[in-house]
Amino acid sequence: MQPLSTSSILATTSDVYPNFKLKTTISTIFLEHDKHILVLMRCLKEDQPSTWGVPGGKAEHNESPKETLYRELREETQIDISNEKVEYHGHRFARIPGWDYIVHLYHAVLKDRPVVQLDPKEHVKYEWVSM
């Protein structure tokens with residue numbers, strides 16, 4: 001059995017996807033330090049196992065995109081950036097099989113590289129990759 005393709009295209013309009021039906025919103029962040037971006041590898045029991053991505057996740061009920069960002073980053077890495085300058089880069093529409101969603105994109109440049117403590121239920125590795 002072949003794995004399902006989970007690639008998505010981030011579009012500026014939902015018109016790209018016929019019959020777009022919003023299921024959730026996601027907030028993600030490009031966390032930068034010294035020209036490196038933090039990426040996390042998903043664990044085997046998560047959706048899209050063993051894939052790399054930037055920190056982030058699904059919004060909870062009545063949670064703003066920025067609140068989602070801060071909560072997900074703390075849950076996934078134990079990093080708190082609430083006192084840092086976080087820039088919002090808008091949102092995009094996306095689709096993977098069974099999921100239509102909006103992705104809110106953020107970026108922060110950190111002066112000091114934070115300690116990363118992964119939640120092993122979600123991620124198995126992290127790396128700071130050069131840009």
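Me: What should I know before I start?
Reply: The model is predicted, so local features need pLDDT of at least 70 and side-chain atom pairs count only at pLDDT 80 or more, while totals for chains, interfaces and linings use all residues. Residues are numbered from 1 along each chain as its sequence is written, and side-chain values use heavy atoms, with hydrogens and water left out.

Me: How far apart are the end C-alpha atoms of helix α1?
Reply: They are 18 Å apart, which agrees with the 18 Å that its 13 residues, 65-77, should span at 1.5 Å a residue. The expected span is 1.5 Å times one less than the number of residues, and helices (H or I, at least four residues) and strands (E, at least two) are DSSP runs, numbered from the N terminus.

Me: And which residues of α1 are buried?
Reply: They are T68, L69, Y70, R71, E72, L73, E76 and T77, where buried means under 20% relative accessible area, exposed over 50%, and partly exposed in between, with a 1.4 Å probe and protein chains only. These buried residues pack against several strands, including β1 (24-33), β5 (86-96) and β6 (99-109).

Me: What comes after α1?
Reply: The helix is followed by Q78, whose phi is positive, near 65°.

Me: Ok, salt bridges now. How many are there?
Reply: The count comes to six, taking a salt bridge as a side-chain nitrogen of Lys or Arg within 4 Å of a carboxyl oxygen of Asp or Glu.

Me: Which partners does R71 have?
Reply: E60 forms a salt bridge with R71, with the closest N and O atoms 3.6 Å apart. Because E60 lies in the loop between β4 and α1 and R71 in helix α1, the pair ties together parts that are eleven residues apart in sequence. R71 also meets E63 in a salt bridge at 2.8 Å, N to O, and E60, E63, R71, E72 and E75 are linked in a network of salt bridges.

Me: Is E60 buried or partly exposed?
Reply: E60 is partly exposed, with a relative accessible area of 45%, whereas R71 counts as buried at 11%.

Me: Changing topic, where is H107?
Reply: H107 is in strand β6, and at 17% relative accessibility it counts as buried.

Me: What does its side chain touch?
Reply: The side chain of H107 makes a polar contact with the side chain of E32 at 2.7 Å; a polar contact is a pair of N or O atoms within 3.5 Å, where within protein one must be able to donate a hydrogen and the other to accept it, and residues adjacent in sequence count only if both atoms are side-chain atoms.

Key:
Contact = heavy atoms within 4.5 Å.
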